[in-house]
Structure formats: C-alpha cells, structure tokens
Amino acid sequence: MMRKLLLASALSVLTLGAAQAGEQYVDETGYAVSGYDPVAFFDLKQNPVGEKQPEAVPGKASITAEYNGAKWAFASEANRDKFLADPEKYAPAYDGHCAYGVAKDGKVPGNPNLWRILDGKLYLNITPTVVGFWEKDIDGFLKTSESNWKSQESKPASSQSWKKIKDNSGTYSVEAPVIPEALTN
C-alpha cells in the first residue's frame, strides 16, 4: 500500500511539473541532459567563476525516469529516487537549454559539462566561449534570461547537437548514458 501511495505521489508531481514546463531539450542520445545524471551535479564540487567545472556524471541506460516528456538517466537508483521526489529541483533551468542563449532570446542546446549551480538551480551553457561571456555578468544575464523565458518557454526545443559544435571538442571524455555490456551484445 505504501509503495502505491509513493508511486501515485511521484506521478502527480511529474504530471504537475510537466504541465508547467516547456519542451525539454533532448539530443541525439534520446535523453534529457544528454544522458548525464542531473542529481549528481549537486554532489560535485563546484569551481569558482573562471575555472572549468568537473565533468558531468554519466547516467546508466538501465536506471531511468520520465519527466517533462523526456527520458532521464541516473548513475544510481538513489539519484533517480531523489529526482522523482523533486524533479524541479534537479532538472536544469530552461528545460536544459543554454542560459546565455535564453538571455539572448533563443533556445540553443545546453552542454552538460558547462554547468553552474546558483541558488540551488542548475544552469547549462552551450560552449566554453559562451561560458566566458556569461560569467562576465551572470546576475545580469540571469535576470534577462528569466524575463525572456516567458516568451521562449512555449517554443519548440532546440534540435541542435552541442557535441557537433567544434568549440565543444574536449569538453567531455565519457559518452552518456552508460549502456551495460549485456545490452550491447
């Protein structure tokens, strides 16, 4: 009975969250956040502005959840459960689109290895060059992003791939999600 109650609660949270969100950015992996674990960002040591962040933690194709019309991968069942309990806390801002791009009034992909957590919210950017621009006035760009998001949110998600942008070469060393060997044989 308790399990059914928890499942029903999780489904109602997912339904409410999905109703309030725009279309989630999903790249060629078929996963939100390109198959990286959105909860794991909150356990990584965030570096100061101007320094490269640690790489995102790949999720596993065998540990997933659905939210905002997209499939999400997680490194552990514990992380999946945390996400399901409060998806809005862990899902990146702007449905996984680049925070700077939204400030410039557009939806472009977010690279999960170009991230920053501010006031408990995960933000992604598209390229290292863009991170440099964004970090010159994070507060100002966030104010603009929040204002622009009202008109951008209902527009279709970006269909671009951040991995195909030359400036992103070297921003990641591990593909996500991790697929167990049993699934690849």
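Predicted model: local features only at pLDDT ≥ 70, side-chain atom pairs only at ≥ 80, totals over all residues.
## Salt bridges

A salt bridge is counted here where a side-chain nitrogen of Lys or Arg lies within 4 Å of a carboxyl oxygen of Asp or Glu.

Another of them joins the side chains of E135 and R116, at 3.4 Å from N to O. Because E135 lies in helix α5 and R116 in strand β3, this pair ties together parts that are 19 residues apart in sequence, and both of these residues are buried. A further salt bridge brings together the side chains of R80 and D81, at 3.7 Å from N to O, and D81 counts as partly exposed, at 44% relative accessibility.

## Overall architecture

The protein contains 7 helices and 4 strands, which run from the N terminus in the order α-β-β-α-α-α-β-β-α-α-α. Of its 185 residues, 46% are buried, and the accessible surface comes to about 9600 Å², of which 55% belongs to carbon and sulfur atoms. Among contacts with a separation of 6 or more, 67% are between residues 24 or more positions apart.

## Helix α6

Helix α6, which spans residues 138–152, has a kink of about 25° centred on E146. The buried residues of α6 are I138, F141, L142, S145, N148, W149 and Q152, and what covers them includes α4 (99–103), β3 (111–118), β4 (121–125) and α5 (128–135). As background to such a pattern, an α-helix has 3.6 residues a turn, so residues three or four places apart point the same way.

## The surroundings of S34

S34 is found in the loop between α1 (2–20) and β1 (60–67), where S34 is buried, with a relative accessible area of 1%. Leaving aside neighbours within four places in sequence, S34 is in contact with D27, T29, P112, W162, A176 and P177. With W162, the side chain of S34 makes a side-chain to side-chain polar contact of 2.7 Å. The C-alpha atoms of S34 and G96 are 9.3 Å apart in space, although the two residues are 62 residues apart in sequence.

Technical notes
Residues numbered from 1 in each chain as written. Heavy atoms only, no water. Helix = DSSP H or I, 4+ residues; strand = E, 2+ residues; numbered from the N terminus. Buried < 20%, exposed > 50% of the residue type's maximum accessible area, 1.4 Å probe, protein only. Contact = heavy atoms within 4.5 Å. Areas by Shrake-Rupley, 256 points an atom, 1.4 Å probe, with all protein chains shown as cover. Bend = angle between axes of the 7 residues up to and from the residue. Polar contact = N/O pair within 3.5 Å; in protein donor to acceptor, adjacent residues only side chain to side chain.
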